[in-house]
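Thanks for coming, everyone. Please have a look at the structure on the screen before I start.

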Amino acid sequence: MQGKLMPIRINRAVELLQQDQAIYYAGHHTGHVLTHTQGMEDAQTWADYINIGMEHGAFDIAGLAEYMRGLVDGGPTRSGHRTPAVVVEAPVNGTDEANVRHNAWQFRQILGRGVHGVLLCQAETVDAARAFVEACRYPHHRAGVDPALPSALDRMRGAPTVRPDNGLLGVGTRGRGSERTAAPVWGIDEDAYFRRCEPWPLDPEGELLLGVKIESPEGVARCEEILAVPGIGFAEMGPGDLGLSLLGSTKLQLSPYPPQMQEARDRVFAACRANGIAFLESCTPDNVVARLDEGVRVIAGGREDTARVGRAHQLPHKTGMRYLPITGSSNYLPNRNSTWAAYLKMVSLALLWH
């Protein structure tokens, strides 16, 4: 009987990051075809998650709903998940708090289609990043929320608005209503969706992956405080837009970076490491091993051959078997000291990754 795999989470990207494994994505900043047919095809992607660009691509919410339905109908994935993880680049830019709060409806629309993550582009201030996380959270979740804030009852009785302390969040602002469409995509009931649609790693059991793109001089200057906001799961130094500002060049220069870009990259990467956030960077088969050894954990570039090289490099460093091959009617949980067990472990991981 052909082996099957038992995923331990809804969101494959979170599942791998939680094990300190790199994740590889496919999808561009614009032009993704959002149809049911394309979703069925993409359900068998080699990538760990699919990026859908709506900052520059069309804000096609009806198409996104059909695409997510196609992913479900085309699944399960090669790794046994109901769908690949999907992360959407929101149209709004994180230049300031007011801009994010006035456009928070975009996050509600995107999340309501059942996606697994959202990326805020042009993040430039800590207040914008905080507003982003709050807009993606339901108000009954309290992890990371400043305990000194007035309670809901006190606010109902007229307590004044108080800003949370630095390093803490305000109350979530996402409302109920879209759980009816999002929960079926995740394959869970609505109560479970309310519980599990929480940002990871702020909530260790959360399935929502929130990211920010630092791609302006102002964002780099404040990256340490931006990336200290609870609820952020990954971040990147956006070399395209930052290159326009720093270098005045339309040519994308990635490897090696010009000195000014390298300075920005190192600063954002250091802030990610300081806050336990995964760092996103474009890689190729030639440099992915060095990047992984350095600590990069979200791999851009959209190349399956890069993923093969990177996964093969990390495979010997796996410390535990998180996917169990199913043989016949029972699960086989091997003795880790057994040669046969090691073989089965490698087979299961190879099936998972390829």
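This is a predicted model: local features need pLDDT of at least 70, side-chain atom pairs count only at pLDDT 80 or more; totals for chains, interfaces and linings use all residues.

The protein has 354 residues, and 53% of them count as buried. It contains 16 helices and 10 strands. Now the contacts. Take those between residues at least 6 apart in sequence: 70% of them join residues at least 24 apart. As for the surface, the protein exposes about 15,500 Å². Carbon and sulfur atoms supply 52% of that area.

On to R9. You'll find R9 in the segment before α1, which spans 12-18. Is R9 buried or exposed? R9 is buried, because its relative accessible area is 8%, and the cut-off for buried is under 20%. What does its side chain reach? One partner is the side chain of Q18, in a polar contact of 3.1 Å. The backbone oxygen of E205 is another, with the R9 side chain reaching it at 3.2 Å. Leave out residues up to four places away in sequence, and R9 still touches a list of others. Among them are V14, H81, W200, P204 and G206.

Next, helix α8, residues 179-186. Which residues of α8 are buried? They are E179, A182, A183, V185 and W186. These five sit on the same side of α8, because they cover an arc of only 160° around the axis. And what covers them? The cover includes α3 (61-74), α5 (105-111) and α9 (190-196).

Last, strand β1, residues 23-26. I23 and Y25 point one way from β1. Y24 and A26 point the other way. Buried or exposed, these four? All are buried.

So who pairs with β1? Strand β8, residues 298-300, pairs with β1 in the parallel sense, over two bridges. There, V298 is the bridge partner of I23. Strand β2, residues 49-53, also runs parallel to β1, and two bridges join them. In β2, I50 is the bridge partner of A26. To get from β1 to β2, the chain crosses through helix α2, residues 36-42. That β-α-β crossover is right-handed.

That's my tour. Over to you.

How values were computed
Residues are numbered from 1 along each chain as its sequence is written. Side-chain values use heavy atoms; hydrogens and water are left out. Buried means under 20% relative accessible area, exposed over 50%, partly exposed in between (1.4 Å probe, protein chains only). A polar contact is a pair of N or O atoms within 3.5 Å; within protein, one must be able to donate a hydrogen and the other to accept it, and residues adjacent in sequence count only if both atoms are side-chain atoms. Contact means heavy atoms within 4.5 Å. The arc is that of the directions from the helix axis to the C-beta atoms. Two strands pair if DSSP finds at least two bridges between them. A crossover is right-handed if, with the strands pointing away from the viewer, the path from the first strand over the helix to the second runs clockwise. Accessible areas come from the Shrake-Rupley method with a 1.4 Å probe; for residues, only the protein chains shown count as cover.
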